[in-house]
Amino acid sequence: ILLRCLHPDMRWVGLTDKLAVREYVRQKVGEAHLIPLVAAPERFTREVFVALPNAFVMKATHGCAFVKVVREKSQPSFEELNALAQAWSSIDFSRCSRERHYRFIEPRVYFEQLLLDETGKIPSDLKLHMFGGHVEGPRIYTMVVADRFLTPGTPGDPWNKPGAGQVRGEGVKANGKKFFNDYYFDLCGDRLVLTGMVEQSP
């Protein structure tokens with residue numbers, strides 16, 4: 001990360017821009033591996049909101065954790081989503097992450113299809129952490145992040161499971177607001193396995 005901060009590689013711009021990277025994925029592995037895109041407007045307007053399907057996910061191009069899951073469009077108003085979009089757009093994520101290539105990504109919101117499994121839950125994320133510089137090739141660590149959109153205290157909260165453990169990480173966003181992430185672990189044989197993550201702002 002320090003190397004990316006001091007000497008930003010412009011190749012990372014197209015790989016971290018959430019819209020631009022779709023073309024890279026399309027060329028490498030094909031359209032079938034992309035989440036269906038619902039809309040990518042130049043501006044988020046009431047007309048765009050009206051044209052959206054009943055359920056969708058709103059995201060932003062220029063950072064991480066800019067995700068709003070909408071299961072029922074009648075719940076958040078256009079004004080609420082627009083205010084969120086404006087708040088996201090005002091954040092310079094290069095200052096949050098200390099990775100200067102984010103500075104060159106145009107802030108935009110876009111909308112994808114809401115993907116659900118057979119039980120109605122959002123599928124787990126796979127996070128691949130890749131470290132190069134090894135003779136045998138890159139070293140890859142895979143993390144499974146499940147249930148990251150659950151609300152703590154609800155019946156589905158993994159913290160309610162007997163034997164579950166929890167770790168909380170806290171920090172401050174670029175806009176000065178505090179946030180915390182709850183990480184949930186379960187015993188799997190003689191190992192602790194990360195089973196869920198919930199991102200929140202107090």
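Reply: Let me begin with ring pairs: rings of Phe, Tyr and Trp (its six-membered ring) pair if their centres lie within 6.5 Å, and planes under 30 degrees apart count as stacked, over 60 as edge-to-face and the rest as tilted. By that rule, ring pairs link F44, F49, F56, F78 and F111 into a cluster.

Me: Before we go on, what sort of model is it, and how are the residues numbered?

Reply: The model is predicted, with local features needing pLDDT of at least 70 and side-chain atom pairs counting only at pLDDT 80 or more, while totals for chains, interfaces and linings use all residues. Residues are numbered from 1 along each chain as its sequence is written, and side-chain values use heavy atoms, with hydrogens and water left out.

Me: How many aromatic pairs does a search of the whole structure find?

Reply: The search gives seven aromatic pairs. One of them is F56 with F111, whose ring centres are 5.7 Å apart with planes at 80 degrees, so the pair counts as edge-to-face.

Me: Buried or exposed, for F56?

Reply: F56 counts as buried because its relative accessibility is 0%, and F111 is likewise buried at 0%. The cut-offs are under 20% relative accessible area for buried, over 50% for exposed, and partly exposed in between (1.4 Å probe, protein chains only).

Me: What does the largest nonpolar core look like, and which residues have the most contacts inside it?

Reply: It has 21 residues, and those with the most contacts inside it are F44, L52, M58, L81, V109 and F111. Such a core is a set of buried Ala, Val, Leu, Ile, Met, Phe, Trp, Tyr and Cys residues joined through side-chain atoms within 4.5 Å. Helix 4 (46–51), strand 2, helix 5 and strand 4 are the elements that give two or more residues to this core, and helix 5 supplies the largest share, four residues.

Me: And what does F44 touch?

Reply: Leaving aside residues up to four places away in sequence, F44 touches F49, L52, F78, L81, N82, A85, V109 and F111, where contact means heavy atoms within 4.5 Å.

Me: Switching to charges, what sits over the ring of F49?

Reply: The charged end of K73 does, at 5.4 Å from the ring centre; the criterion is that NZ of Lys or CZ of Arg is within 6 Å of the ring centre and within 35 degrees of the ring normal. A polar atom of the K73 side chain also lies 3.1 Å from the backbone oxygen of F49.

Me: Where is K73 found, and how buried is it?

Reply: K73 is in the loop between strand 3 (67–70) and helix 5 (78–89), and K73 counts as buried because its relative accessible area is 17%. Its contacts, not counting residues up to four places away in sequence, are F49, V50, A51, L52, P53, N54 and F56.

Me: Which side chain does K59 join through a polar contact?

Reply: The side chain of K59 makes a polar contact of 2.7 Å with that of E112. A polar contact is a pair of N or O atoms within 3.5 Å; within protein, one must be able to donate a hydrogen and the other to accept it, and residues adjacent in sequence count only if both atoms are side-chain atoms. K59 is in strand 2 and E112 in strand 4; K59 is buried at 19% relative accessibility, and E112 is buried at 5%.

Me: What about the backbone, which phi does A65 have?

Reply: A65 has a positive phi of about 70 degrees although it is not a glycine. Most residues other than glycine have a negative phi. A65 lies in the loop between strand 2 and strand 3 and is partly exposed, with a relative accessible area of 47%.

Me: Last one, how many helices and strands does the protein have?

Reply: The protein has six helices and nine strands, and buried residues make up 30% of its 202 residues.
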